[in-house]
Amino acid sequence: MAKRTRVPTLSPKESLILELLVERGEMYGLQLVSSSRRQLKRGTVYVTLGRMEDKGYIRSRTEDAPPDAGGLPRRMYSATPFGERVLETWTRVAGHLMEAFAR
Amino acid sequence: MTTPGDRLLTLARRCCSPRATERVLGPALADLRWEYRDALHRGRVWRARWIRTTGSLTMLYLIAIHASLVPRGSVTPWAMSTSPVVPVIARSAALVVIMTGGLIGLVASKTPAPIAQRPWLLFYLLPAVLPVVVPIGFGVAILQIPGARESRLACRVVVVAAALSLLTFVNNGWILPVANQAYRMNAAGGPVLKGFNELTFAETQTWLAGARRLLSTAATRHPSAMALDARDGEYSYHGRLALSAAPLAVGLFAVGLSGRRRTMRAVGILSMLLLFLTWYAAMRSPVETFASLSPALVAWLPNLALVVAASAFHRQRQ
């Protein structure tokens, strides 16, 4: 039997995050929330980002905190080339589907 | 102002998996601190306070989810927290906590002296308040879960409702009387005679059987007073039994109503709330409120109304 390849999937929230990251470059969690015009929530954005990092759609790096910001490094997220490709394909497929169903 | 979230971070490290702390809670807290610092540097103190408050609430929400629902060391600690059920449970739990606090506060306001001296007495009131607020929170939760009407999920809802009913039955029959009596004795500072709500189910049944015997043989000097007492006893007994079945009735009602339009669900939630709170208030002085109705009928009326509505919804769907 031929080995099944896993098709990458993209939820609406993941798609929105990828769009923002591709469009505006590196961002941190709360920045994504404020840029999404209330479509992303503070309580779920970090878990979605964690899952997307696992899927390989985005990568993160830590930015050292200034001494008066409590010492915790801020995590900055950016889209990976794979993520960009997934978003591009996903948008194309969604466009084709819309066309097919509009007929 | 101090750096926000130090205690929350300690709590997160203690309760959640290292992975969740590193990938979810850490970044959330770091962003909160950076934004807080930026706001302070710009001289926007109130904005900074707002960021601190909302950020801390978000942190608490994340800690609650990762500490309670995700096993430590889980491979994907965020799998549960993006499920639509989790925010619903969190919101409903918050509703239950707020309503519990409100009802306890109401009772405390009526007996201010002992409560002010010994605030821990409020814990004795929990068994009386929880059977009222838990069905409401449960109903509100089901109405928000998408697809609760699907047969598999509906089955689970009924199982959870039955378990809640069983727990409430144990609470109302055995824990509530003991807690009520302990509260009364502590508040009075000495022994107090037990009322009907301070008798267990078995004790109430024994008392009612004795009262009926006395009334039927006219062996009491004050038959009308005894009859009133007996009605009070029956209200207490059936009221506690009916309240035990409330989670099941509410569960069936909410399953029937879920998946409908938002307005319809809102009307359903409001009716359910009104029904329960009115009933609960009326059951505080039942003899005056329902002079001509059978105690059992009065006690079971809200449950019957909910089950009839649930069956109507079910028939309409078919």
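In which helix of chain B is Thr58(B) found? Thr58(B) is found in helix H3 of chain B, residues 45-68. Helices here are DSSP runs of H or I with at least four residues, strands are DSSP runs of E with at least two, and both are numbered from the N terminus.

This is a predicted model, in which local features need pLDDT of at least 70 and side-chain atom pairs count only at pLDDT 80 or more, while totals for chains, interfaces and linings use all residues. Residues are numbered from 1 along each chain as its sequence is written, and chains are lettered from A and ligands numbered from 1 in the order in which they are written.

## The two chains

Chain A has 4 helices and 3 strands, and along its sequence they follow the pattern α-β-α-α-β-β-α. Chain B has 12 helices and 0 strands. A residue is buried if 20 or more other C-beta atoms lie within 10 Å of its own, exposed if 12 or fewer do, and partly exposed in between, with C-beta atoms placed from the backbone. Buried residues make up 34% of the 103 residues in chain A; of the 318 residues of chain B, 36% count as buried.

Two residues are in contact if their C-beta atoms, placed from the backbone, lie within 7 Å. Among contacts in chain A between residues at least 6 apart in sequence, 50% join residues at least 24 apart. For chain B, the share of such contacts that join residues at least 24 apart is 73%.

## The sheet of chain A

The strands of chain A form an open sheet of 3 strands in the order E1-E3-E2, with antiparallel pairing. E1 and E2 of chain A stand at the edges and have a single partner strand each, so one side of each is left without a neighbour in the sheet. Two strands pair if DSSP finds at least two bridges between them. Strand E1 (residues 27-28) and E3(A) are joined by 2 bridges, and strand E2 (residues 58-63) and E3(A) by 6 bridges. The table gives some of the bridge partners.

| Residue | Bridge partner in E3(A) |
|---|---|
| Tyr28(A) | Met76(A) |
| Ser60(A) | Tyr77(A) |
| Arg61(A) | Met76(A) |

## Two helices of chain A

Two packed helices are described by the angle between their axes and the distance between the axes. Axes are lines fitted to C-alpha atoms, for helices over the stretch in contact, and angles run from 0 to 180 degrees between N-to-C directions. In chain A, the axes of helix H1 (residues 12-24) and helix H3 (residues 42-55) come within 10 Å and cross at roughly 80°. H1(A) and H3(A) are therefore roughly perpendicular to each other, a term for angles of 65 to 115 degrees; those under 35 count as roughly parallel, those over 145 as roughly antiparallel and the rest as oblique.

Where the helices meet, Lys13(A), Glu14(A) and Ile17(A) of H1(A) touch Thr48(A), Leu49(A) and Met52(A) of H3(A). By class, this contact has 3 nonpolar, 1 polar and 2 charged residues. Ala, Val, Leu, Ile, Met, Phe, Trp, Tyr, Cys and Pro count as nonpolar, Asp, Glu, Lys and Arg as charged, and the others, Gly among them, as polar.

## Where the chains meet

In the contact between the chains, 20 residues of chain A face 20 residues of chain B. Helix H2 (29-35), H3 and strand E3 (74-79) of chain A each supply at least two residues of the side of chain A that touches chain B. The largest share of that side, 9 residues, comes from H3(A). The residues of that side divide into 8 nonpolar, 6 polar and 6 charged. From chain B, H2(B) lies across E1 and E3 of chain A and runs at about 110° to E3(A).

Thr58(B) touches Arg42(A), Gly43(A) and Ala28(B), not counting residues up to four places away in sequence. Thr58(B) counts as buried because of its 24 C-beta neighbours inside 10 Å.

## Nonpolar cores

A nonpolar core is a set of buried Ala, Val, Leu, Ile, Met, Phe, Trp, Tyr and Cys residues joined through C-beta atoms within 7 Å. The largest core has 42 residues, of which Leu25(B), Ala28(B), Leu29(B) and Leu62(B) touch the most other members. Helix H2 of chain B (residues 18-41) gives this core its largest share, 9 residues. A second, separate core of 37 residues includes Ala141(B), Val157(B), Leu248(B) and Ala249(B).

Ala28(B) touches residues of both chains: Gly29(A), Tyr46(A), Thr58(B), Met59(B) and Leu62(B), not counting residues up to four places away in sequence.
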